[in-house]
Amino acid sequence: MQHFIKKVMVAIIFLGAIGTTQVVEAAIVDTNSTYTYESMKKDLQELDEAYGDLIELYTIGQSAYGRDLILVRLGNGDADTFYNGSHHAREWLTTILNMKMIEEYGNAAYTNSRMSGYNVKDLLEETTLWFIPMVNPDGVTLQQKGLNAFPKEIHSSLISMNNGSSNFDRWKANAQGIDLNRQYPSGWAEVKATSPSWKNYKGKYPFQAPEAKVMRDITYLLEPDLSLAYHTSGRILYWNFNVEQVDLARDRSIAETYAYLSGYRMVPTYSGAGYTDWINEVFNRPSLTPELALFAGEKHVNPVTFPETWRRNKGAGLAMAEESIALSSGESVGEQPVVWGDKALEAAIRPPGKGDDLYKKALRVKEDFELTQEQTVELYSWYQQCETCSIKDRELEEVFDSLNHFEEIPEKKSVNTDKSWTITLNTKIDPDSVNRDNVYIQGEYGSTVSVDSVEVAGEKITISPLPGSYERGQTYTMYIKDLASIYGKKMEKPVEMTFTIQ
Ligand SMILES: [Zn+2]
C-alpha cells in the first residue's frame, strides 16, 4: 500500500567519447560500514522512490521487539526468486549483499544496461525477485549496538543468554535467544534441545519466534521457484537436505552453477532445521545456503571485505533468477478472476479471527479471487498490521478495489421489449467515467441501440433503451468497459451480456 509518487533519480553522465554513455554506479547503499536496521529502512525508502514501480516495499510483520520485517519486490515476472539475509545476527554482511543486489539489479534494469552478461531488464520481466534483507533485525541490532537498544527489563536475561557477557559480538539468535535458523521443521526434532542462548537454541516448537513465523507465511504465499538464504561462514554452499532422488539432478545442477560462479564449495547438509532444509524437504524446490565469507571468528565479517563478496555473488544471484524462470515455466498461469457483485468479497475483506493463521486466510482469498502474488502479499501485509480494522477501512477498500474484475454474464433469454438493465458492480462507480462510448448496446450485426439514459448510483449502473429500440426475436449484446471506481481504479476487463427479446 505504498502508493507513493515515485521520483526518478537516476543520474547518467556522458563520458568523453561520442556515443558512449556510462551509468553512474548506483550509490544509495553504503557497503563499507556497520549496516544497521535503520540504514536498511532509510535505504529501502530511497530505493523505492528512485526506481518507480520496479521496486515495492511491504511491511509483513514485526520482530519480537517491534522492528519491522520488510519484504522487497523487484521486477514483475511470473517466476519467483526469493533472497533473504541475516537469519543470524552477526551475519549482517548478508543484509549488505541483499541490499546491493536490490540496488544494482534495479539500476541495471532501470537503465537497461547489462550486468554479468545478463539483460537484467528482460530478466525482471520474467521473474520477480523478492528479498527479506534482514530476517532478524532485533538480533542484528543487539549485535551492533548492545544492551542500550533494548528495554532495561530484559538486560539481565540478554546477558545471561550471552553466558554473562555484555559484549554481543558473537550473537546469532533473535532477542528471545532463539536461533532463527533452527526454527524450521525439517530435521528440527533431531536438533539437540538446549535453552535460550546467543546461538543454536531451536525453540520450544518450530516457528515459535515471530520472525520465523513470518518467514513461514511469506514462503507459503510466494511459493518461490528458487530461494537463497544467505549466511557468512566458510565460502561454502549447502543445497541438498533430504532432496528426493527425482529432484537431485535438478538441484545439483543449480548448486553447481552457483558454486562455479561464486567459487564456493558445495558441501552436504549435515544438520537440519534451517530455512533451506525446509524448502528442500517440504516444498521439493531448490534452495541454497551460500556462506559468503571466510570464517571470521565468533563475530561479524568486516564489511571492508564486501567487494570480494559482491564479485563472487553478483552474477550468481542473476543466474539464480534465470534458473527460476526455467523452473516455473512448466506451471500454468491463472486467468484473471471473475467477480461480479459478489458478497464473497465482503467476507474476504473481513480480518481473520483469533487463531486464524494469517497466511491461510490470505491464501484462501488468493484462491477465491485468483489474486496475483503481489495482491496476496499486500493483503497479508494489511492483515499483519491491521487485525482489528473493519471493512470500512479506506485503505483496505483501495486494496480490494484493485482486485475487482468483471465477467461475462450468462445469456438472458426472453426479455421484454422495454427492458432496462441494472447491473451491480462490487465497487462504487465514478459517474464521470460513464459515457456513451463505454456503456452501450449493440444488435447482432453491430447496429447500435439508442439508449435513453445511463444512471449511476453507488455500485449500480442502470441502462435504459429508448422505447421501441428492440425488435422481437432479435439478440442484443450490452457492453460495459473502461469504467473507473471512485478510487480511480480502472475496470480491467469489459463486461458483455447477451439477451434475446421475446
Ligand atoms: Zn548463519
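Student: Of the 502 residues of the chain, what percentage count as buried?

Tutor: A residue is buried if 20 or more other C-beta atoms, placed from the backbone, lie within 10 Å of its own, exposed if 12 or fewer, and partly exposed in between. This is a predicted model, in which local features need pLDDT of at least 70, side-chain atom pairs count only at pLDDT 80 or more, and totals for chains, interfaces and linings use all residues. Residues are numbered from 1 along each chain as its sequence is written. Of the 502 residues, the buried share is 42%.

Student: How many helices and strands does the chain have?

Tutor: Helices (H or I, at least four residues) and strands (E, at least two) are DSSP runs, numbered from the N terminus. The chain has 13 helices and 20 strands.

Student: Where does UniProt place the feature "active site", and is that residue buried or exposed?

Tutor: The UniProt entry, which is unreviewed, puts this feature at Glu-291; positions are in the numbering used here, feature names are shortened, and annotations may be inferred rather than shown by experiment. Glu-291 sits in strand β13 (residues 287-293). Because Glu-291 has 20 C-beta neighbours inside 10 Å, Glu-291 counts as buried.

Student: Which residues does Glu-291 touch, not counting those up to four places away in sequence?

Tutor: Two residues are in contact if their C-beta atoms, placed from the backbone, lie within 7 Å. With residues up to four places away left out, Glu-291 touches His-231, Thr-232, Ser-233, Gly-234, Arg-235 and Ile-236.

Student: What covers the buried residues of α7?

Tutor: Helix α7 takes in residues 245-262, and its buried residues are Asp-251, Ile-254, Ala-255, Tyr-258, Ala-259 and Ser-262. Just after α7, Gly-263 has a positive phi of about 80°. The cover over the buried residues of α7 includes β11 (236-238), β12 (265-267), β13 and α9 (306-328).

Student: Is Asp-277 buried or exposed?

Tutor: Asp-277 lies in helix α8 (residues 275-283). Leaving aside neighbours within four places in sequence, its contacts include Tyr-184, Phe-241 and Thr-269. Since Asp-277 has 26 C-beta neighbours inside 10 Å, Asp-277 counts as buried.

Student: How far apart are the C-alpha atoms of Asp-122 and Asn-112?

Tutor: Asp-122 is in helix α3 (residues 120-126). With 14 other C-beta atoms within 10 Å, Asp-122 is partly exposed. Asp-122 and Asn-112 are 10 residues apart along the chain, and their C-alpha atoms are separated by 8.8 Å.

How values were computed: The expected span of a helix is 1.5 Å times one less than its number of residues.
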